[in-house]
Amino acid sequence: MPASTDPLTHDVIILADMARQSDCGLRIRQELQMYHKAGYRTGVFHLRDPEKRASISPDIQRCIREGITERLCPGQGVRSRLAIVFSPGLLKAPVEGLSEIRADKVVLVHDRVPDIKQMGLWFSFNFGPMSWAPTNRWVRAKLDDLGFQVPVEAEDWRSAGLALPAPVDPKPAGRRLVMGRVSAIGAAQWPKTAAELEATYPTDVSIDFRVLGSPPPDLLKASKAASNWSILKFSDVAVERFIGMLDVFIYYPGARTPELPEAAISTAMASGKIVVLPPHLRPHFGPGALYAEPKEALAAIRALFDDEVALAEARKAAIENCRFQFSATDHMTKIKALAGDPLPSPPRRKSKPAARKRALLVPSNGIGLGHVTRLLAIARRLDEEIEPVFATLGQAVSIIDSFGYHADYLPSQSDIGANLADWDAWLRYELGALVERHAPDIVIYDGNNPTPGLVNAALTNGHCQLAWVRRAMCPPTPSPFLENARFFDCIIEPGEYAGERDTGPTSFRRHEATLVSPIRLLDEGELLPKDAARKELGLAPDKPAVLLHLGAGANRDILDLIDRVVRDLGRFPALQIVIAEWKNGAVQLPHWPNTKVLRGFPISQYFNAFDFSVAAAGYNTFHEVLGFGLPTIFLANRNPSMDDQGARAEYAQDESVGFDLPVEELHHLPALCEALLNEKANAFIRQKCHGFDKTNGAHEAAAAIKRLVGA
């Protein structure tokens, strides 16, 4: 048809099934990035499959969010110089809205051989003169065999092979080798039998093997490999993000593969990943990959990673050959020949100063305020280089607001009593919406259970890093989501004074983590001086004082415990008793005669007001009282669902920095109080506490996060 005389609205538009389960989303993203950089105005049109309900590829969603392209809607009048249609052979029925599109040139990019019916649909749309562009030599040969009177582009439509940003903070050296593959969904992408599948891909736990684009269900069910694999959905992770996780990209398709994951493979090569392919693909991908038969592949990979020099050379070869085989320059030369020079750009506003990087901090809903407090401690040390925003799963918005940070509240599973699977699906959606709204450079989670919903909310955004502040001394029963550690770019483990007694499930996984000193919200210089603290609390300056901070009381009878402790402390008439009430406490504390209630946050700012304390042995309390030198009698919460408070309290007593008082031995409390009211005994414990390293790990954790995001 003749070129339209309607005014041009776009330089290039791309039409495709944007929800297709393959690496097509990555291919389209990379082309859009190149076109935007060259000054072309682009748009994307979703060829929706009416038989399926699926989300648009996270890679393409990111392009729309970043403003480098525009989503075109059915009925929107569009005229473009060039229309590129990806995988036109998948079209099964007419598409609404194509009648409003006009293009001076239409290129149908074939990654598989079309049939006559499908091509008839495209010819019927009649929105511009068409040509065909095969993605490889095998498809080109098949197109020639069809004998259609349609021009075929002289060069294959190859992926651009854009490199991913290099990681600024590599993962710990002790982690497992991460291998994986990406492909479209379908049996043709896989070996036929379970035995062939297991002979081709790693099945032992020494290798972390990840799959984007699952094998057929029957094949997966018949194979023992599934139990050791991480199989992800295209809706749960950006392809770009998935490739960034890998050390090795390995791809062995079935005997008759209809299409190749070329964008994923070329991106891996351009990023210096080791790519392992069957020998018959050498003519297409060139010398930048490692070619081996399936039975030889794993041994070849291990040998390469055992030789640092050879590994470095292989990575260099992958990058250099990818520049030749999948040239972005050659691709843009082709686009300029098809679409001409970009349309004149409208006058640009003065560019805004570069925005600060942003962190979305997600504290879990714990028994107390430990998760929130640790993330607040880190947020305060991110300074002007990274802007902290919060999405709290606990009822702590007012506390976070008081520190000047924006906070959204996402009710936890326990808050609403929901089924875990239903709640996690909801969390995936809601947290994903916050990730999209705030566009953070990193999501930082502090909690025990990094559920799939939380992880996938971050992984769908190719730009967003993911960090886990994982406290040690965990309960004996491991989290069902502990293996999700593999998806975090950084795991920060706050130090434990009693760490030598840690026997929890994470104690065997310390190699995964970046270890920092104990994290405290306040530095020592931020505590109020004794006189000022006593004045603010209304305490007499010349009488001894004790602080009771026994926790939120969600899983032990806090009222009975406080009542018993207050009764024993009452034996000392001169002793001033202050009871700390948690802002998220399970119960509201009544008033005990001759006591005061402390409702401020953080409690530690008032520590200098007290001669000693009676406390639980949760992470924050334990490291604050020891770090700031407040002699303490520990009434550890030994509930089996808690972190190992008992081990902390026992350690304190063994090291003469505190007393361990089991609840069943509470009758010893008066004697211990009498000891701590003794000036020499009190000074001895304070002196012993001064022997601990005073470094606040919050500074180290913040520094690790800054490195991770390049701040």
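Trainee: What covers the buried residues of α18?

Mentor: In this predicted model, the cover over the buried residues of α18 includes the strands β20 (545–549), β21 (576–580) and β22 (595–598).

Trainee: Which residues of helix α18 are buried?

Mentor: Helix α18 spans residues 530–537, and Ala533, Arg534 and Leu537 are buried in it.

Trainee: Why are these buried residues said to line one face of α18?

Mentor: Viewed down the axis of α18, the buried residues fall within an arc of 95°, and therefore they line one face of the helix. On the other side of α18 stand Asp531, Lys535 and Glu536, which are exposed. To be called exposed, a residue must have over 50% relative accessible area, whereas buried means under 20%.

Trainee: What follows α18 in the chain?

Mentor: Gly538 follows α18, and the phi of Gly538 is positive, near 75°.

Trainee: Which residues are buried in helix α4, and what makes them lie on the same side?

Mentor: In α4, residues 137–146, the buried residues are Val139, Arg140 and Leu143. Around the axis they cover an arc of only 105°, so they are on the same side of α4. The buried residues of α4 pack against β5 (101–110) and β6 (130–134).

Trainee: Why is α20 called roughly parallel to α21?

Mentor: The axes of helix α20 (residues 619–627) and helix α21 (residues 645–654) come within 10 Å and cross at roughly 15°. Angles under 35 degrees count as roughly parallel, so α20 is roughly parallel to α21. The crossing in which α20 passes α21 is left-handed.

Trainee: Which residues make the contact of α20 with α21?

Mentor: From α20 come Tyr619, Phe622 and His623, and from α21 come Arg648, Ala649, Tyr651 and Ala652. By class, this contact has five nonpolar residues, one polar and one charged.

Trainee: How do you know that Gly618 is buried?

Mentor: Gly618 has a relative accessibility of 16%. Buried means under 20%, and therefore Gly618 counts as buried.

Trainee: Where does Gly618 lie, and what does Gly618 touch?

Mentor: Gly618 is in the loop between β23 (612–615) and α20. Leaving aside residues up to four places away in sequence, Gly618 touches Asp643, Gln645 and Arg648. Gly618 and Phe634 are 16 residues apart along the chain, and their C-alpha atoms are separated by 9.8 Å.

Trainee: Which residues of α8 and α11 meet?

Mentor: Ser266, Met269 and Ala270 in α8 meet Ala318, Ile319 and Cys322 in α11. The residues of this contact divide into five nonpolar, one polar and no charged.

Trainee: How many helices and strands does the chain have, and what part of the chain is buried?

Mentor: The secondary structure comes to 24 helices and 25 strands. Of the 711 residues of the chain, 56% count as buried. Along its principal axes the C-alpha trace spans about 105 × 55 × 45 Å. Among contacts in the chain with a separation of 6 or more, 73% are accounted for by residues 24 or more positions apart.

Conventions. Residues numbered from 1 in each chain as written. Predicted model: local features only at pLDDT ≥ 70, side-chain atom pairs only at ≥ 80, totals over all residues. Heavy atoms only, no water. Axes fitted to C-alpha atoms, helices over the stretch in contact; angles between N-to-C directions. Helix = DSSP H or I, 4+ residues; strand = E, 2+ residues; numbered from the N terminus. Parallel < 35°, antiparallel > 145°, perpendicular 65-115°, else oblique. Left-handed = near helix turned anticlockwise from the far one by under 90°. Contact = heavy atoms within 4.5 Å. Nonpolar A, V, L, I, M, F, W, Y, C, P; charged D, E, K, R; others polar. Buried < 20%, exposed > 50% of the residue type's maximum accessible area, 1.4 Å probe, protein only. Arc of directions from axis to C-beta.
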